[in-house]
Amino acid sequence: MRIRAIGAAVTGALALSAFAVPAAQADGSQGDIKITKVVVDGDNKVSIGTSGAKTIKVSVTATDNSGIAGAQEFALEGPGTGFLTTGKPTCTAASATTSTCTASVTVDPKTDYLLNASAGTWYVNAWIDANDEDYVWKEKAGSFKFQRAAKLTANASPEPVKKGKTITVTGKLTRADWEAYPLPKYVNYASQSVKLQFRKKSASTYTTVKTIKSNSSGNLSTTVKASVDGYYRYVFAGTTTTAAVNATGDLIDVK
């Protein structure tokens, strides 16, 4: 692991550690080299659950008239003193002047003592070297969301149901608690707006029926009138700290 953590034991629980943060450095450069693009995990969103290691891929594209020679390890910084460093990047040339340098770092919520406070907007700090000894060091060269994974369920009943009768759609919204002792687990996510969606059995797209909020236990419940055979699901758009998630659609048979 390339996560540096500071841990401390407290009575009855493990005090989860904060990531160490390196000394701040100002942006700097020499010559005409520029960073033109930063992408983390393909869509600039990283969702971390409660088990299983997650490898985060970081790609930084840069250009210089002499071409790109290489890059230093990328530093990833976030709230709650969040800090990660990647391995040594590999740079692949797209042209004589432009290359994309890629590296990764692996995070395991079971062993890396993530803090819930570290979820949110993170930034990529990058140092890139050119063939003519130009260089660029840029803090916050790009940003991404480092989020707690979420789970969402949906169940429509009764099944089957007569046309025009009432259907109750229940569900539950939970998200990863990285600090849970002795191991991370999913916990209730209260007071969150969640959309109820429906699609006809013969259709391929969902339409939003209404928006409701999860209760104090993360539970969801609402009613609709039965019309045609189709699937009901709940959809959570996510927040800065918590990843978006869609429930699996539940089929209702209307008689």
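Is Lys138 buried, partly exposed or exposed? Lys138 is partly exposed, with a relative accessible area of 33%; buried means under 20%, exposed over 50% and partly exposed in between, with a 1.4 Å probe and protein chains only. The model is predicted, so local features need pLDDT of at least 70 and side-chain atom pairs count only at pLDDT 80 or more, while totals for chains, interfaces and linings use all residues. Residues are numbered from 1 along each chain as its sequence is written, and side-chain values use heavy atoms, with hydrogens and water left out.

Lys138 forms a salt bridge with Asp27, with 3.8 Å between the closest N and O atoms. A salt bridge here is a side-chain nitrogen of Lys or Arg within 4 Å of a carboxyl oxygen of Asp or Glu, and the count by this rule is three. Lys138 sits in strand E13 and Asp27 in the loop between strand E2 (13-19) and strand E3 (28-30), 111 residues apart. Helices (H or I, at least four residues) and strands (E, at least two) are DSSP runs, numbered from the N terminus. Asp27 is partly exposed at 43%.

Another salt bridge joins Asp41 to Lys54 at 3.1 Å between the closest N and O atoms. Asp41 lies in the loop between E4 and E5 and Lys54 in strand E6, so the pair ties together parts 13 residues apart in sequence. In the salt bridge of Asp253 with Lys255, the closest N and O atoms are 3.0 Å apart; Asp253 is partly exposed at 29%, whereas Lys255 is exposed at 62%.

Next comes the sheet. Four strands form an open antiparallel sheet in the order E4-E6-E11-E10, where two strands pair if DSSP finds at least two bridges between them. E4 and E10 are the edge strands, each pairing on one side only. E6 and E11 pair over 10 bridges.

A disulfide, meaning a pair of cysteine sulfur atoms within 2.5 Å, joins Cys91 to Cys101 with an S to S distance of 2.0 Å. Cys91 is in strand E10 (residues 90-93) and Cys101 in strand E11. Cys91 is partly exposed at 25% relative accessibility, but Cys101 is buried at 0%.

The largest nonpolar core has 31 residues, and those with the most contacts inside it include Ile56, Phe74 and Ile128. Such a core is a set of buried Ala, Val, Leu, Ile, Met, Phe, Trp, Tyr and Cys residues joined through side-chain atoms within 4.5 Å. Strand E12 gives the most to this core, with five residues.
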